[in-house]
Every structure is written in structure tokens, then in C-alpha cells.
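Thanks for coming. I have a few minutes and one structure to walk through, so please look at the screen.

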Amino acid sequence: MLKPIHHTFAPLADAAQCHLALSLLLHPSRQQDGKEREKLRMGLSRHTHRDCFLFSSGREALLALLRTCDFPTGSEIIVQAYTCVVVPNAIHAAKLTAIYADIEKDTLNLDLSSVESLITPRTKAIICQHTFGIPSDTERLREICNRNGLMMIEDCAHILPDAAGPSEIMSKGDAILLSFGRDKAISGVTGGAVLCGRQDLAARLQESEQQALPVPTATVRRLLLYPLFYGIARPFMGMGIGKALLALLRRYRLLVPIVTTEEKEGVQSSELHAMPPACAALAVQQLESLQKINDHRRTLVQFYLQSSADLSWPVLHGIRSDLPLQKYPLFVCGAEGIRRSLKRKNIHLSDGWTGCVVCPASADQERTGYCAGSDQKAEEVAEEILSLPTHPGMSLADARRLVAALTPFLKQ
Ligand SMILES: Cc1ncc(COP(=O)(O)O)c(C=O)c1O
């Protein structure tokens with residue numbers, strides 16, 4: 001049986017993470033150690049030259065930040081149309097209104113002329129998402145924010161730049177949002193951070209972090225089991241046993257869902273939780289390997305770019321060979337059918353970012369506040385996108401196998 005190619009089977013859970021997760025499970029006292037959180041905070045502060053505040057997820061970090069800003073109830077926050085449901089949920093949980101700007105197809109990021117047309121006296125902030133690690137035009141957006149007195153939040157859930165860049169990311173935002181979720185730039189299974197250079201916000205964010213509730217011990221145990229379960233089940237994913245094992249884990253609620261049923265219905269709890277020390281330990285381990293992880297992603301991006309050129313596949317203009325993309329997006333006709341066919345070859349390209357404008361497709365689109373038909377380009381992207389994995393579990397040989405399997409479908 002061929003090794004599975006995938007986006008979502010614990011893509012960042014390598015042997016080192018499984019080993020550390022097991023050790024944390026076997027020595028619960030290490031799970032209480034606040035030192036790991038401080039190590040992560042200091043590592044990120046040093047890396048980004050900003051103060052760092054940790055929460056149990058990116059969505060909670062965003063909620064904490066928006067609350068700290070004290071915008072009047074109902075104030076408008078501009079976000080882009082092709083995004084994850086947890087982003088508008090956090091805005092709504094802060095009693096603010098999400099306003100969707102159109103995206104550009106070539107970057108999957110904010111269309112700045114659409115942003116400008118949406119600014120009103122009620123607008124207070126713009127969230128600039130670097131989708132899949134493709135940089136937004138932060139310089140122009142900074143200028144728009146300055147001109148209109150708006151806060152600029154860079155959503156870096158999908159990318160953590162290293163010494164080699166990309167330098168335009170994390171350079172201009174008043175605040176930066178990070179996620180350490182399971183398939184993000186680096187993973188602690190869960191976790192999130194706000195990075196901020198503004199002293200007025202820092203004191204209040206620190207207070208929010210100190211008041212955050214602990215994640216229940218049983219939940220932390222389930223989070224630590226995630227890399228182990230997938231480490232065991234992953235080789236069997238193309239067979240019945242892999243699927244049966246995961247179904248069993250779900251049935252007995254041994255896995256923590258990434259997006260809960262309530263969140264899919266547009267509701268985020270108003271509670272904030274502290275990042276579990278055990279998850280901080282996992283994230284620290286990956287932060288220490290950031291350069292290696294990003295270089296691996298760059299190698300695969302370069303390979304996909306070269307293959308696209310050789311095979312005349314259209315390339316998004318925003319993609320450059322120096323980018324450590326979270327995934328490599330292509331636009332194709334009949335993307336969903338191709339994903340379905342490739343499953344027979346043990347290639348699983350469903351990633352939750354298809355078939356809808358506010359992802360995943362199982363999220364109640366009406367409750368997100370996105371108005372169907374308002375962004376034609378985002379809706380086309382949702383139908384045509386086919387993303388290729390770049391995570392550390394995906395080798396160059398796997399990428400070659402994937403390109404070979406895709407070629408017959410993409411023949412002009
Ligand atoms: C663009 C974007 N921003 C923020 C988040 C929130 O991250 P978390 O899953 O850690 O809450 C996500 C999560 O998927 C995301 O895709």
C-alpha cells in the first residue's frame with residue numbers, strides 16, 4: 001500500500017513531536033510547568049521583536065485582542081471573504097461586526113480597492129490574512145490604515161516567517177495573530193498568540209492572559225493523544241483499519257474537534273483559556289525547528305512551481321519560490337471530482353478550504369454574515385481550488401508522486 005498523501009492527518013506530528021507528547025502524557029507534572037510557556041513567549045518575542053501573549057487558540061487570541069481594543073459595540077472589522085469561520089466568530093464574540101471585503105484571485109488575499117470602498121466611520125480595524133502564507137500587500141494596507149485611523153491586524157495563522165523572510169509579513173501590523181493549530185506553520189496541537197508592539201494594548205493583553213482559565217486536564221490529555229493516534233493510524237489511512245480506528249476515536253470522543261458544532265453555527269464562547277503548558281512545550285520544539293520546517297516548505301513550493309511551468313499549469317501570481325507556503329494552491333476545473341478520484345490512489349487533498357467562502361463548508365454560511373453572491377472571485381476560488389501539501393510529512397518523492405497522479409487530470 002502506498003504511503004498516504006494528505007493535508008490533515010496530523011501533518012506536523014513527526015517522530016520528535018510524538019515522542020514529546022508521549023513523555024508529557026507519562027509525566028503529568030511536566031504538563032504543569034509554566035516554564036514551557038515562558039520559553040515559547042520569549043522565543044516568539046525574540047523572533048518578532050514584540051510582546052507576546054498566549055492563549056489556547058488563535059481564535060481566542062483574536063477575541064482577547066479585539067476586547068482589549070475596546071471598540072464600541074457593533075463597530076466594523078473588515079475581513080476577507082475567503083477565510084475560516086473562527087475569524088468572524090471571534091469578531092462576533094467581541095460584539096463587533098465582520099464586514100467581508102473581496103479577495104484577489106492571484107493572492108487569495110484582500111483586494112485593497114474593495115477594502116477602501118467598505119471603510120465607514122464605524123470601521124475600526126482591518127484583518128489582513130496572509131492566506132496559506134502568500135503575503136498581502138502590507139505596505140499599501142498600512143498606508144490605508146494610517147490615512148483612515150484604523151488598526152491593522154496581521155493574521156499569520158498560516159505562516160511564521162524566518163530569517164529568510166518573507167520580510168513583508170509581520171512588518172507593518174499593529175498586532176499579529178498566530179495559531180499553533182494542527183496544520184499551521186508550527187503546531188502545538190492547539191494554541192495561539194497575539195504579538196504586539198503597542199504599550200497601551202500590552203498591559204491589557206497581559207491582564208487578559210493572566211485571567212484566562214486553564215484548559216481542563218482531560219482535554220489536554222486528549223490533545224496530547226492526537227499526534228500519537230495519527231502517528232499510529234496514518235500508515236493505514238488508505239485501508240479500512242485506519243478509517244475504523246479514527247471512527248472509533250471520534251465515537252469515544254478521544255479527539256478534540258478543530259471546529260466545534262457551536263462554532264460551525266457561528267458561536268464562539270466568550271471565555272478565554274490559557275495555552276496549556278504541554279502544548280507550549282510541543283510548539284517550542286517546533287519553533288526551534290522553524291528554519292528547517294520552512295526550508296522544507298520552500299523546497300516543495302519550488303518543486304510545484306517548476307512542475308507547473310513544465311506542465312503549463314496556471315500559477316497564482318502571488319506565489320514566489322522563496323515562500324514557505326502552508327500549501328500550494330492551484331485552480332482547476334472540477335477540483336472536487338479530482339479530489340474524489342485521487343482518494344483511490346491514497347491521496348487525500350480535502351483540507352476544509354473548499355466549496356465555500358467561509359470555511360469549512362459545514363459552517364452555517366448565513367450566520368457568518370457573508371452575503372452569498374457578494375464576492376464572485378471568492379466563490380470561484382472555493383469551487384476551483386486544489387491545494388497541494390507542503391508540510392514536513394510530505395517528502396519530495398511524495399510530491400513527485402502527487403504531480404504524476406494529477407497530470408492526467410490537468411492536461412489542457
Ligand atoms: C486564517 C485563520 N486565522 C485564524 C485562525 C484561528 O486559529 P485557531 O485554529 O488556532 O483558532 C485560523 C484557523 O484555522 C485561520 O485559518
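I start with a cysteine. Cys-52 is buried, because its relative accessible area is 3%, and the cut-off for buried is under 20%. Keep in mind throughout that this is a predicted model.

What is the nearest cysteine sulfur to Cys-52? It belongs to Cys-196, and it is 11 Å away. A disulfide is a covalent bond between the sulfur atoms of two cysteines. To be counted here, the two sulfur atoms must lie within 2.5 Å. Cys-52 is in no disulfide.

Cys-145 is another case. Its sulfur is 8.4 Å from the closest cysteine sulfur, that of Cys-128, which is too far for a bond. Cys-145 is also buried, with a relative accessible area of 1%. How many disulfides does the structure hold? The count is zero.

Now the ligand. There are 14 residues around it, and those that come nearest are Gly-58, Arg-59, Asp-155, His-158 and Ser-179. Sorted by class, this shell consists of five nonpolar, six polar and three charged residues.

In Asp-155, a side-chain N or O atom sits 2.6 Å from a nitrogen atom of the ligand.

How much of the ligand does the protein bury? On its own the ligand exposes 390 Å², and the protein buries 94% of that. Two helices give two or more residues each to the shell: H4, residues 58-69, and H5, residues 86-93.

Let me stay with H4. This helix has 12 residues and spans 17 Å from its first C-alpha to its last, close to the 16 Å expected. Is H4 largely enclosed or largely open? It is largely enclosed by the rest of the structure, because 11 of its 12 residues are buried. Among the buried ones are Gly-58 and Arg-59, which were also on the list of residues nearest the ligand. Leu-62, Leu-65, Thr-68 and Cys-69 are buried too. After H4 comes Asp-70, with a positive phi near 55 degrees.

His-49 has a positive phi, near 60 degrees, and is not a glycine. His-49 sits in the loop between helix H3 (34-48) and strand S2 (51-55). Leu-108 is another non-glycine residue with a positive phi, about 65 degrees. The loop that holds Leu-108 runs between strand S5 (97-101) and helix H6 (112-118).

Which of these is buried and which is exposed? His-49 is exposed, because its relative accessible area is 71%, and the cut-off for exposed is over 50%. Leu-108 is buried, at 0%.

Last, the cis peptide bonds. One runs from Gly-165 to Pro-166, with omega near 5 degrees. Where is Pro-166? It is in the loop between strand S7 (151-155) and strand S8 (175-179). Another cis bond joins Cys-359 and Pro-360, with omega about 0 degrees. Pro-360 belongs to the loop between strand S12 (358-359) and helix H15 (376-384).

That is what I have.

How values were computed. Residues are numbered from 1 along each chain as its sequence is written. This is a predicted model: local features need pLDDT of at least 70, side-chain atom pairs count only at pLDDT 80 or more; totals for chains, interfaces and linings use all residues. Side-chain values use heavy atoms; hydrogens and water are left out. A residue is near a molecule or strand if one of its heavy atoms lies within 4 Å of it. A polar contact is a pair of N or O atoms within 3.5 Å; within protein, one must be able to donate a hydrogen and the other to accept it, and residues adjacent in sequence count only if both atoms are side-chain atoms. Accessible areas come from the Shrake-Rupley method with a 1.4 Å probe; for residues, only the protein chains shown count as cover. Helices (H or I, at least four residues) and strands (E, at least two) are DSSP runs, numbered from the N terminus. Ala, Val, Leu, Ile, Met, Phe, Trp, Tyr, Cys and Pro count as nonpolar, Asp, Glu, Lys and Arg as charged, and the others, Gly among them, as polar. The expected span of a helix is 1.5 Å times one less than its number of residues. Buried means under 20% relative accessible area, exposed over 50%, partly exposed in between (1.4 Å probe, protein chains only).
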